[in-house]
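Good morning, and thank you for joining. I shall present one chain today, and I ask that you keep its sequence and model in view while I speak.

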Amino acid sequence: MAKTRACLLIGVEVITVEIETFIGNGFSGLNILGLNSEASRNMRERVRSALESIGVLIPAKRVVVNITPSEKIKESRTPLSQLDFAVAASILFSLYADKLKINYNLNEYFAGELTLSGEIKDLENILIYKALLLNKNEQLRINLSSKNKEIQINKNFIFYFNCLQDWWEFVCGKKQLENNLSNFKPILSASSDIKKNSDNSNFFQEIKNIIINLSTNPKALVGVLVSAMGKHHILFAGEPGIGKTYTLQKIEKLLPPLSAIEEFEIQMIYSKDNTLLRPFRNPHHSVSSAALIGGSSLKPGEVSLAHHGILFLDELSEFSAQSLESLREPLDSKYVCLSRANGHIRYPANFLLCATTNPCSCGYLFSTLKACRCHPKETRKYLQKLSGPLLDRFCLQIWLEPSSSRKVLDCFEKEIISFNNLYKLDKFVENYGRKILQENSYLNDNFSNHIKEILNSNMIFKNLSLRGQEKVRALAYTFHLVFNEIEINSKFIETILNYRILEKMFLQKNLF
């Protein structure tokens, strides 16, 4: 009996698949266990033809190939045909290992689909073997197609083969492979979280351009800067055409470049090995809760595809109530557990939620310039989609007014307006960009205690939920990081609370 190994991707987790082959007496034939009937039949014919192409015939005996763990294989996101090479190698070892005195290593992995002529196809997703090596301390040997030579792995033996014939001759000692052993720099360190090399000057210039473009609406600009700095979920509401969508879409360019770990996690979700930017997912409001969270086929939904990026929901009140309520758990836990009849998978879902909404169907419910023409029942039904628990999960809940109706500016808006002085703007952009590129921004204990004393003396803060209080504390820290020249006092906290006003506006009693 012989054993080989391969890998499959289950969700974002890489599992090791063991292939055992036993040759004994009984009804002759090749049987593959652990797969469904169709996959087993297709693999059996491919492997049989590939073996015959190198002159190896399946003997007139009972040949049983068992693939484990069978209960997880059905959840694989990678094609099961990638196990062909490992199955063929297991059969060959079982037939000839003792006769030819071949030693095979249990830490040896095989990957690739076989053609009928015995050629080894290249892997579409090489990431699973990169992820395997991140979690393994021992030295491994991996056999791949010669078309996958771009893989870079350190302290591991990587062998490339064009076809099954080349591999078998190499194993039997009939053929030496030149320049086939790879020993490159490591693809990723398990503890590495260093930002990729980027042109910081371009990033700072992007921040400066955004501030200049959005300076006509200072409250919205304050919101996007604070949201990007602290990765706070943000909701804009206001009249139609006031610039809610246009402003929020700029947050994507304010976020720092992906770290090596973040990029690798995104690649595992998308099953792509190319360089990616931060995801920006913008589903239509007709999206179902299954598409938003994850479908019956256990594929990642929009919340997982937006991992380490932005999930942008335009016209939030137009989404179905079921879809919106399904967001509550991922916003808190940062992951999604999909439990369906055919399996159970956990996906990461650490995203920044950005949303916009109108207060009613016509959009002028709280307007000081135009009268609302919606029926009270329609408006109540429109706002009931935004439940209190969902609104409470938005750190920033900002009501935007037309600039013509704004008479009094808060301290943060005045700070933004002062950026008409180019020297002050350059200084702010430099400080802001430096902080947002840092790994973490910690504030000293004295500042934390000072903030807590002011917050505990505020009655509005005390009436908030525990979650709301935690959100306000986080906002206070971030506001100070962004606008560190503004004095920390009771007025500072009262102004921050005005950036969480929508819950009070939409859920107030006797609104209709």
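I begin with Ser-361, which is partly exposed, with a relative accessible area of 48%. On this scale, buried means under 20% relative accessible area, exposed means over 50%, and partly exposed lies in between, with a 1.4 Å probe and protein chains only. Ser-361 sits in the loop between strand 13 (352-357) and helix 15 (376-384). Helices (H or I, at least four residues) and strands (E, at least two) are DSSP runs, numbered from the N terminus. Leaving out residues up to four places away in sequence, Ser-361 touches Cys-374 and Tyr-382, where contact means heavy atoms within 4.5 Å. From C-alpha to C-alpha, Ser-361 and Arg-373 are 8.8 Å apart in space, and they are twelve residues apart in sequence.

Let me state the basis of these values. This is a predicted model, in which local features need pLDDT of at least 70 and side-chain atom pairs count only at pLDDT 80 or more, while totals for chains, interfaces and linings use all residues. Residues are numbered from 1 along each chain as its sequence is written, and side-chain values use heavy atoms, with hydrogens and water left out.

As for confidence, pLDDT is the predictor's own estimate for each residue, from 0 to 100. The chain has a mean pLDDT of 86, and 90% of its residues reach 70 or more. Over residues 179-195, however, pLDDT stays under 50, and the model has 45 contacts beyond four places in sequence for that stretch.

Is Ser-304 buried or exposed? Ser-304 counts as buried, because its relative accessibility is 0%. Ser-304 belongs to helix 12 (residues 302-305). A polar atom of the Ser-304 side chain lies 3.2 Å from the backbone oxygen of Pro-348. Beyond its neighbours within four places in sequence, Ser-304 is in contact with Ile-269, Tyr-347, Pro-348 and Ala-349.

Of the 512 residues in the chain, 51% count as buried. A nonpolar core is a set of buried Ala, Val, Leu, Ile, Met, Phe, Trp, Tyr and Cys residues joined through side-chain atoms within 4.5 Å. The largest such core has 97 residues, and those touching the most other members are Leu-51, Ile-67, Ile-91, Tyr-129, Leu-164, Trp-167 and Phe-506. Helix 3 (residues 84-100) supplies the largest share of this core, nine residues. Apart from it lies another core, of 54 residues, including Leu-254 and Tyr-432.

I turn to the strands, which pair if DSSP finds at least two bridges between them. Five strands form an open sheet in the order 9-10-13-8-14, with parallel pairing. Strand 9 (280-281) and strand 14 (396-400) stand at the edges, each with a single partner strand, so one side of each is left without a neighbour in the sheet. Four bridges join strand 10 (residues 310-313) to strand 13, and Leu-313 stands opposite Ala-355 in strand 13.

Elsewhere, strand 4 (residues 62-68) pairs with strand 2 (residues 13-24) in the antiparallel sense over seven bridges, with Ile-19 opposite Ile-67 in strand 4. Strand 3 (residues 29-33) runs parallel to strand 4 and is joined to it by five bridges. In strand 4, Val-64 is the bridge partner of Asn-31.

Conventions. Polar contact = N/O pair within 3.5 Å; in protein donor to acceptor, adjacent residues only side chain to side chain.
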